[in-house]
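Visitor: I would like to learn how to read a few features from a model. Could we take them one by one?

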Amino acid sequence: NKSNWDLPEWMVRQLGAVHPELMWEFGPSIQTKGTRLVITPESSHHLRPLVHDLLERAPTIKNWEFYGHRLIEDLESARRTVEDRVARDISDFKFRASIGDGNNVDLTFSAPSITSQDDRRAFEAAFIATESLLGEECLNDWVGILEVIPWSGLPAIDQLAKKPAGRFLNLDHLKSTVDSLIAHIQEQLSRTPHYELDDEAPWNLWELKPDEQDDYGEQEDLFVGLSANPSQWIAGRSRQRFCSKRFSGCGESFCYVKVDRYQGWSEDGFADKSEIEDALNEVLVPTKLGSHMGGGTGLRYLYVDLALTDVDKALDVIRARLQAGKAPIRTWIQFYDSDWKAEWVGVYDDTPPPPMTCLS
């Protein structure tokens, strides 16, 4: 208060120089007596790698802490946050939680004050309350479907169900309930990395019917798919956010190699997709960096799915092996995780950008 200084304008100007979609908030620090600064892209998940690099470069400043996600708040703070942002009281809100199809947690909110299925402000309030009570990172990584329904539309047995999975609870139980469901999901995940799976392990096959286009982003042209991890394969093609930690109990990350079927194949290089799969296993498995665990064939591209234990080290190994096998120049390594879906690594230094639709 010693000068006439417009803090919001200054922050917008500074962060806008990096990217206009970056948001920010200040608050008390967590580890020390001081101030925290949160920089988040909110729903622009493709900017998460940018935020990560931005915070990696942040200097060490006494009594300051920097975060890339909004942090967990207590219930009273969450109520104030919702009131400040959408002018909605959540005192009567209740929730019901269950495990969803994509190894995530689905949340249903209701309240006597919610009288319409189309109460947009109630949905925004439920979303902000979830973000505040769970933290933005948990919301992004673990929450699947989030819906709001009118209390009057619920049968009395649903409102007061005795079974925990069917019971509507007060918001002060939200974090403990979601944490319990996440722990249950994690307990069911395999602790065996894909590179240790037996050759006799079952694989699942899918047939799809893609529409013909001039070109295809991600895996939009896929007509035959194969995977040793069916839940990961299905979730990787759903409209919900994807997070590798929901499908591996040993810290693996899921990505894929995308190869143009019709351009740039060398007579003395790889002959087909199976040779690429074998070659990558030969360099990844012995070093315990990962393995091939699925893939498929598209109208224009070939795909090799990989489960990697150390992405940074594995990328160099993968690129070197694909270069040695003279893979086509239009060959890329791309990622399933929503935060990394807009990122790509070309096999060669002069590999052109791949077709992308994840930002459209």
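**Reading the features**

Guide: Phe 26 counts as partly exposed, because its relative accessibility is 32%. Bear in mind that this is a predicted model. Phe 26 sits in strand 1, residues 23–28.

Visitor: Which residues make a nonpolar surface patch of about 250 Å²?

Guide: Phe 26, Ile 61 and Trp 64 make that patch.

Visitor: Next, salt bridges. How many salt bridges does the count come to?

Guide: The rule asks for a side-chain nitrogen of Lys or Arg within 4 Å of a carboxyl oxygen of Asp or Glu. By this rule the count comes to 20 salt bridges. One of them joins the side chains of Arg 70 and Glu 42, with 2.9 Å from N to O. Arg 70 lies in the loop between strand 3 (64–67) and helix 3 (75–86), and Glu 42 in the loop between strand 2 (35–40) and helix 2 (48–56), so the pair ties together parts 28 residues apart in sequence.

Visitor: Is Arg 70 buried or exposed?

Guide: Arg 70 counts as buried, because its relative accessibility is 10%.

Visitor: Which residues are linked with Arg 70 and Glu 42 in a network of salt bridges?

Guide: Glu 25, Arg 85 and Glu 131 belong to that network along with Arg 70 and Glu 42.

Visitor: Where do Asp 179 and Lys 175 lie?

Guide: Both residues are in helix 7 (residues 174–188), 4 residues apart, about one turn of the helix. Asp 179 forms a salt bridge with Lys 175, and the closest N and O atoms are 2.7 Å apart. Asp 179 has a relative accessible area of 34%, so it is partly exposed. Lys 175, with 32%, is partly exposed too.

Visitor: What do the side chains of Asp 349 and Arg 319 meet in?

Guide: They meet in a salt bridge, at 3.1 Å from N to O. Asp 349 lies in the segment after strand 14 (344–346) and Arg 319 in helix 10 (residues 311–324), so this pair ties together parts that are 30 residues apart in sequence. Asp 349 counts as exposed, because its relative accessibility is 77%. Arg 319 is buried, with a relative accessible area of 18%.

Visitor: Which residues gather in a patch of negative charge on the surface?

Guide: The patch gathers Asp 272, Glu 275, Asp 278 and Glu 282. Glu 282 belongs to helix 9, residues 273–284. At 55% relative accessibility, Glu 282 counts as exposed, because the cut-off for that word is over 50%.

Visitor: Last, backbone angles. What is the phi of Asn 103 near?

Guide: As a general idea, most residues other than glycine have a negative phi. The phi of Asn 103 is near 55°, a positive value in a residue other than glycine. Asn 103 is in the loop between strand 4 (94–99) and strand 5 (105–110). Its relative accessibility is 17%, so Asn 103 counts as buried.

Visitor: Where is Glu 218 found?

Guide: Glu 218 is in the loop between strand 8 (204–207) and strand 9 (222–227). Glu 218 is not a glycine, yet its phi is positive, about 45°. Glu 218 counts as buried, because its relative accessibility is 10%.

Conventions: Residues are numbered from 1 along each chain as its sequence is written. This is a predicted model: local features need pLDDT of at least 70, side-chain atom pairs count only at pLDDT 80 or more; totals for chains, interfaces and linings use all residues. Side-chain values use heavy atoms; hydrogens and water are left out. Patches are made of residues with over 30% relative accessible area and no salt bridge: like charges are joined within 9 Å, nonpolar side chains (Val, Leu, Ile, Met, Phe, Trp, Tyr) within 5 Å. Accessible areas come from the Shrake-Rupley method with a 1.4 Å probe; for residues, only the protein chains shown count as cover. Helices (H or I, at least four residues) and strands (E, at least two) are DSSP runs, numbered from the N terminus. Buried means under 20% relative accessible area, exposed over 50%, partly exposed in between (1.4 Å probe, protein chains only). Lys and Arg count as positive and Asp and Glu as negative; His and the chain ends are not counted. The place of a charge is taken as NZ of Lys, CZ of Arg, CG of Asp or CD of Glu.
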